[in-house]
Structures are given as C-alpha cells and as structure tokens.
Amino acid sequence: MALISLHSKPLLLQFMLLIFFVLGNRLHASDPPLTLDYYASTCPTVLENVKKEMECAVLADPRNAALIVRLHFHDCFVQGCDGSILLDDTITLQGEKKASPNRNSLKGFGIIDRIKNKLESECPGIVSCADILTIAARDAVILVGGPYWDVPLGRKDSVTAGYALSNTNIPTADEGLLSIISKFLYQGLSVTDMVALAGAHTIGVARCASFRARIYGDLKATSGHDPISDSTLSKLKSICPPIGGSDNNISAMDYVTPNLFDNSFYHILLKGEGLLNSDQDMYSSVFAMGTKELVKKYAEDAIAFFQQFSDSMTKMGNITNSDSFITGEVRRNCRFVNT
Ligand code: HEM
Ligand SMILES: *[C@@H]1O[C@H](CO)[C@@H](O)[C@H](O)[C@H]1NC(C)=O
Ligand SMILES: *[C@@H]1O[C@H](CO)[C@@H](O)[C@H](O)[C@H]1NC(C)=O
C-alpha cells in the first residue's frame, strides 16, 4: 500500500487526470504567429530597455531574477502568456494574485511596473505586458548565468484573469508526479520540457509552507535510496518548525549556488536533497521512470540542460491565449485593463 499512499492522490485518480488532460489538450494552431521583429519599427529599443531595467533589478538583488522567471511561468499556465497574472483585483475583476499557488508567494510585480513605465514613455501603447514579462524572464536567466534564447513577440494582454484556473493549472509542491506531468501535457509541454523547466529551481527560494510536508514526511519514500542527510534535515527543520507561524521562513532550493543559474539543482536531486517533494519526485518517485534519466542527464551535462531549458522556455512562452488575439489589448498599466 506504500506505493499508492505515497501522495495525496490515489494512483487511479492520477491516471484518470492524466488521460483527461491529454485528451483535453489544446493548442491553437490558428493563432497569429509571434515574430522576432514584431516591434522593430514601432519600438526598436524594447529589448535594450527591458535588459537595462532587469540589470538594475538583479544587481540590487539576485532573487529578483527568480521572481520574474516564476511570474512568467504562472502567467503562461493560466490562459496562456497574456499578462493575466499581473492584473490586480478590482470591483469588476478577480485577479490571480490571491489564488492559492500565488498568495503570499508571487512577487516581482514592481519590476514589471518599472519596465512598463519606461516603455510607455518611449513608445506609448505599443508593447504588451505579456511580451515585457517574457523578455524580462529571458534576461533574468542570462543575468544569473543561464542561457540565451530568442524571444518571439506579439502577445496581447488579456482583459480577463483566471483565478479558478490558477488553482487548477499550476502544479504544487505536494502534488504527485503523474498529476504534475498531466498539467504540463495539458499545456502542450512534454515530460522533457517539465524536467528541464523545473531546473529553474536552480535559483530562488521556497517558503516553509512549501516544504514542511517534505521534511516531516516519509523521507524514505520521497528520497528513495538516498535520503536527505541529517545535517541538511536539521537545518531545514530549524528554519521550518512543524507548527507555528513560520510559513514564510525561506530556504534556497539550490543550496549550493542559490544565485547562479547552473545545473547543481539536478546534483542535489541525485543526492536526495531536493527541497520540494515535487522536485525530488522527478528522481525518486516510483513513477519517475520517464524523468529519472533526464535528471541524471542534466546533472551530467550542463550544456544539454541549457539547450533544453532554452527550447522549453520558448515553447512555454508560445502558449497563447486565442481570446487575447481577438479581445486582447496592450495595457497602459500592467495591473489594470484599459478603460
Ligand atoms: C514542475 C512543477 C513545479 C512546481 C510543483 C513548482 C513549485 C514551486 C514552489 C512550491 C515554489 C516555492 C513557492 C513558495 O514557497 O513561495 C516555487 C518557486 C519557484 N519556481 Fe517553481 N514549480 C514548478 C515549476 C516551475 C517552473 C516551470 C518554473 C519556471 C520555468 C519555476 C520557477 C520557480 C522559481 C524561479 C521559483 C523561486 C521563486 C522565488 O525565489 O520566490 N517553477 N516553485
Ligand atoms: C514559437 O512560436 C514561433 C512563432 O509563433 C515559432 O516560429 C517557433 O518555432 C515556436 N517555437 C517553439 C519552440 O515552439
Ligand atoms: C522561523 O520563524 C520563526 C517564527 O515563526 C522564527 O522564530 C525563527 O527565527 C525563524 N527561523 C529562521 C531561521 O528564519
């Protein structure tokens, strides 16, 4: 029974979710394509401006790189990459910021506001917030030592947000591996994309609330034959006591090089020391047959990881919102729909 009770969701349900998501998979081949030179005549300085602002932000605090990369991920998994994550709550619109994966957790909105202000003064009404976030995420990765990739542009900003979709589409740390895989397949992303994109956890931190179940859980089950070391475990337990108001105490997911985009995240998984259940599962879960080899590969070959991460980020950035191409707009303020 240990097999089935490894995670909160029973095996059968995980498989049903998987089938459901694969069948429900939708990508819109008819959407207008994104292009590399979309702003070439209307706002030729766009890339330069985003880069400059991101340099300032990451120089001030390397954590800012992680914040922006995660914002982009949470944007793209809900209605496509349409800037919906950036919308504030108003009387008429329920934003995504208070959905459970985001509440008390997502940050970095001020950085996007600053970039937007700069671009509105240079080329008013031209560059979408969704494009800004996509470019900023690429620059964030470069600034902490990660790979470059070209960013196709031309996204529109949504006039709606997906509070409920945020709760269903975004994977969580204590969800089973198969259920997480199904959420990537639903977005048109593969298992390979998932393992590579999760490599973004080579930067940034998680809150105690996100790893408490891991450190007080069944370590033999979650870390396989390589359980987390006693010293790491006791450090984590002191940051994250079993009960009490310490939910927001943080720990780096890559404790070796927390501010560097490299492949040491995968080395940590090989040692059984992944901070999140969901990360360690990619190597240690009984369902990890498709993912374990990829973890090993990216641990051994940093170039292969960088190459796949670049491709997968482009693919994730390509998840478009069909509605946004029709009803979408270029927001003047990323937090509010234009009036
Ligand atoms: C594979 C499924 C994934 C799960 C279950 C997951 C879950 C999480 C969780 C629980 C946190 C900590 C949040 C907190 O405690 O406040 C986190 C942080 C983070 N995630 Fe993921 N994530 C996943 C995939 C991704 C992807 C695809 C990306 C980007 C490509 C990403 C980028 C990040 C970054 C950069 C952070 C650190 C943010 C910070 O420092 O505040 N994650 N993730
Ligand atoms: C992303 O979309 C652009 C155009 O819309 C296309 O040229 C490119 O091949 C796509 N890339 C991936 C990795 O899907
Ligand atoms: C974690 O939070 C508690 C308060 O709940 C605090 O007393 C403790 O010092 C924090 N630990 C660390 C390492 O931040």
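**Cysteines and their bonds**

Mentor: The structure holds four disulfides. Keep in mind that this is a predicted model.

Trainee: Which parts does the disulfide of Cys43 and Cys123 tie together, and how many residues apart are they in sequence?

Mentor: The sulfur atoms of Cys43 and Cys123 are 1.8 Å apart, and the two form a disulfide. Cys43 lies in the loop between helix 2 and helix 3, and Cys123 in the loop between helix 5 and helix 6, so the pair ties together parts whose separation in sequence is 80 residues.

Trainee: Is Cys43 buried or exposed?

Mentor: Buried means under 20% relative accessible area. Cys43 has 0% relative accessibility, so Cys43 counts as buried.

Trainee: What is the handedness of the disulfide of Cys76 and Cys81, right-handed or left-handed?

Mentor: The sulfur atoms of Cys76 and Cys81 are 2.1 Å apart. The torsion about their S-S bond is about 115°, so this disulfide is right-handed.

Trainee: Where is the partner of Cys129?

Mentor: A disulfide joins Cys129 to Cys334, S to S 2.1 Å. This pair links distant parts of the chain, 205 residues apart. Cys129 is in helix 6, and Cys334 is in the segment after helix 17.

Terms used
Residues numbered from 1 in each chain as written. Chains lettered and ligands numbered in written order. Predicted model: local features only at pLDDT ≥ 70, side-chain atom pairs only at ≥ 80, totals over all residues. Heavy atoms only, no water. Disulfide = S-S within 2.5 Å. Helix = DSSP H or I, 4+ residues; strand = E, 2+ residues; numbered from the N terminus. Buried < 20%, exposed > 50% of the residue type's maximum accessible area, 1.4 Å probe, protein only.
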